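Biologist: Let us go through this model by question and answer. Keep it brisk.

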Amino acid sequence: RALVEGEADMTVVGSTTDGSRVPALVDETRPDVLVLDLELAGMRGTRVMEVLRARPTSPKVLVLTAYNDGESMRASLDAGADGLALKTESPQQTLTAIRQVAAGRLVFPEAASRWLRGRAGPEGANPDALTPREQDVWELLAAGLSNQAIAARLRLSENTVKFHLQHLFSKLGVRNRTEAALKYARVVPP
């Protein structure tokens, strides 16, 4: 809070350490960007994001966490985070991440990128390696939905859909949407 309050282009409109209070606070304050910890009293950060993403509109969410393990990062993205920043990074990096998320960019630490690339497996990997969220994205892509429509259907940001598509393409060993849709038609029974 003190870090953000020192910036001329940012304003703290509310704060709480109780996750169950976040949805009501969002309703009261209407933030552009919600900076959210994963570990909150009352309700975990991933659940808070799921609740917010189930609404017609919700703020962009930057997860600020001390957990730099891949599973926490992946859970954040699957829940709909627009970005991740580590508490171990410099304060300037955190401010930059907030600004990037506000501008509509998907932000995550290089450590997350390395972990996810390592999980993607070799080219042409088996579709069984896909996460449930990637399976959902793949199904909707194969049905011809745009990124915007997929985002609306799954209650994710478009940036999060793009993130899932990058990893989906890597895991499937395809280069584009058409190849992914064709592979879906070959692999998934009607």
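This is a predicted model: local features need pLDDT of at least 70, side-chain atom pairs count only at pLDDT 80 or more; totals for chains, interfaces and linings use all residues.

Modeller: Residues are numbered from 1 along each chain as its sequence is written, and side-chain values use heavy atoms, without hydrogens and water.

Biologist: Which residues lie nearest the centre of the largest pocket?

Modeller: A pocket here is an open set of points on a 1 Å grid over the protein atoms alone, where a 1.4 Å probe fits, with protein on both sides within 12 Å along at least five of seven lines. Lining residues have an atom within 4 Å of a point. The lining has 31 residues, and those nearest the centre are Val4, Gly14, Val33, Leu34 and Val35.

Biologist: What is the volume of the second largest pocket?

Modeller: Its lining has 14 residues, with Arg53, Thr57, Ser58, Leu156 and Ser157 nearest the centre. Volume is the space filled by probe spheres set on the grid points, which are joined across faces, edges and corners. For the second largest pocket that gives about 230 Å³.

Biologist: Is Leu25 buried or exposed?

Modeller: Leu25 sits in helix H2. Beyond its neighbours within four places in sequence, Leu25 contacts Gly14, Ser15, Thr16 and Arg30 (contact: heavy atoms within 4.5 Å). The cut-offs are under 20% relative accessible area for buried, over 50% for exposed and partly exposed in between, with a 1.4 Å probe and protein chains only. Leu25 has 13%, so it is buried.

Biologist: At what angle do helix H7 and helix H10 pack?

Modeller: Helices are DSSP runs of H or I, at least four residues, numbered from the N terminus. Axes are lines fitted to C-alpha atoms over the stretch in contact, and angles run from 0 to 180 degrees between N-to-C directions. The axes of H7 (residues 132-142) and H10 (residues 177-187) are 9 Å apart, and the angle is about 100 degrees.

Biologist: What does that make H7 relative to H10?

Modeller: Angles of 65 to 115 degrees count as roughly perpendicular. Therefore H7 is, relative to H10, roughly perpendicular.

Biologist: What is the phi of Arg30?

Modeller: Arg30 is in the loop between H2 and E1. Arg30 is exposed, at a relative accessible area of 59%. It is not a glycine, yet its phi is positive, about 50 degrees.

How values were computed. Helices (H or I, at least four residues) and strands (E, at least two) are DSSP runs, numbered from the N terminus. Angles under 35 degrees count as roughly parallel, over 145 as roughly antiparallel, 65 to 115 as roughly perpendicular and the rest as oblique.
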